[in-house]
Amino acid sequence: MKLVFELGATGRQMSYLPGCDVPKAALPEDASLRENMPKLPELTEVELIRHYTRLSKQAFGVNSGFYPLGSCTMKYNPRINEVAAGDPNFANVHPLQPADTVLGCREVIDTAEKLLCEITGMDAMSFQPAAGAHGEFTGLLLMKKYHEARGDAKRTKIIVPDSAHGTNPASAAMVGYSVINIPSAANGCVDMDALRAACSDEVAGLMLTNPNTLGLFDTNILEITEIIHACGGLCYYDGANLNAIMGKVRPGDMGFDVVHLNLHKTFSTPHGGGGPGCGPVGCKDILSPYLPASLLGEERKPDSIGQVRSYYGNFGILVRALTYILTLGSDGLQEASETAVLNANYLMHAVKKYFPVAYDHVCMHEFVLTLEKTKRESGVSALDVAKGLIDYGMHPPTMYFPLIVHEALMLEPTETESREALDEAAEAFRAIREMIDTDPERLHQAPVTTPIGRPDEVGAARNPILRYKPVE
Ligand SMILES: Cc1ncc(COP(=O)(O)O)c(C=O)c1O
């Protein structure tokens, strides 16, 4: 497909601006004019519209089909969220407007804080972080400040289980901590002996997600957080998997001191590439003096870690998340979690006839398949199966994560999928299993229904071409 720069022709345009009816002003003397005109695309309106419509048809999103990207909770983003966020009273305000002219926005922030604190069992919250990983960074800074304020400078280590998302150790390292990686037990949960052995007066805290990235709820959680507190550390809850437990159990009641949420996962806001989302950080009272500066007119907290993002964070995302919470209400949020767990178990039972589940227990909101044996016996890898699923009209599941499962495919259907959609997905897995048994070579060629088959993914990641070079 051609790029927009390669379309149109010199002089072609779609300008509706009236001719200039005021005298042209001279440029200031010290300003210099560019020597050549910029090489901007010159197109008619219809050419432009067709170009972007074609492009939009090539993108796959939750609005196009099943998107079971494990750990990422790609649930449907209800339209009502967009209606609320598009209200001019929210969409047209300026962050520098006087506080008394934006009282409605202030109420959104206060209500969202109150409700999300209630959902998580925390006492205070900041909406500045722009994504989950940014929330991790912020939450760890709070923990660091806490230890520093107590003169406890020896605490330089963070314990992270080997099933954790890669952002956990990366955020700990960014904050200046070293990471103690502890193995998982045979049941996929925290190895309690390894946890006890890792504890010392050098430990600043633990980072954990529960349910974990295998989709398993760690029933030792109260003992885990007690062990960390007993050695003087704090407990950080990675809220990426909150969709499984809303209204059922709260991180605060599990013993966690600080939590981040991914509003773009659990609270049905659009996903964005690491910035346009919202990863609020909530904490217990012991950490609230260190929260990012709030800017909302009240006195600056002297011990705050400062700002981690400009203004109030991505406010429009907050409006969407609050709309979701208020639309569902507390019963609806509980039902969403129940259905997310039910859907995951339904799909797991349907799919495990064709591919083994890595930790075969009742799961929470997601589960992980292992294609290690399939690859050994047929040469077809998790990647090949993921590519094959594209030809059946679904987005591939998360691949090769968590790292402790070989040839992993992680599926999270979410509560927004119907039984028919889950049956269709299971049918795709059945058809692929049949293909592996009869004509495995076909899967090495998949996908065959997309404009591009197998791009050089490593090359694209390592040497991305991000700027168009005009042909001279
Ligand atoms: C378990 C877990 N933790 C943290 C993150 C990081 O969140 P974000 O992508 O919002 O930065 C993710 C992202 O997928 C995740 O799955």
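A: Helices and strands are here DSSP runs numbered from the N terminus, a helix being H or I over at least four residues and a strand being E over at least two. The model is a predicted one.

As a point of reference, most residues other than glycine have a negative phi, and most peptide bonds are trans.

Y400 is not a glycine, yet its phi is positive, at about 55°. This residue lies in the loop that runs between β9 (398-399) and β10 (408-411). Y400 counts as partly exposed because it has 15 C-beta neighbours inside 10 Å, and partly exposed is the class between 12 or fewer (exposed) and 20 or more (buried).

A positive phi is also found at T414, a residue other than glycine, with a value near 70°. T414 belongs to the loop between β10 and α14 (419-438). Its class is buried, since 25 other C-beta atoms lie within 10 Å and the cut-off for that class is 20 or more.

The peptide bonds come next. N210 and P211 are joined by a cis peptide bond whose omega is about 5°. P211 sits in the loop between β4 (203-208) and α8 (221-230). A cis bond also leads from A446 to P447, where omega is near 0°. P447 is placed in the loop that separates α15 (440-445) from α16 (457-462).

Notes
Residues numbered from 1 in each chain as written. Predicted model: local features only at pLDDT ≥ 70, side-chain atom pairs only at ≥ 80, totals over all residues.
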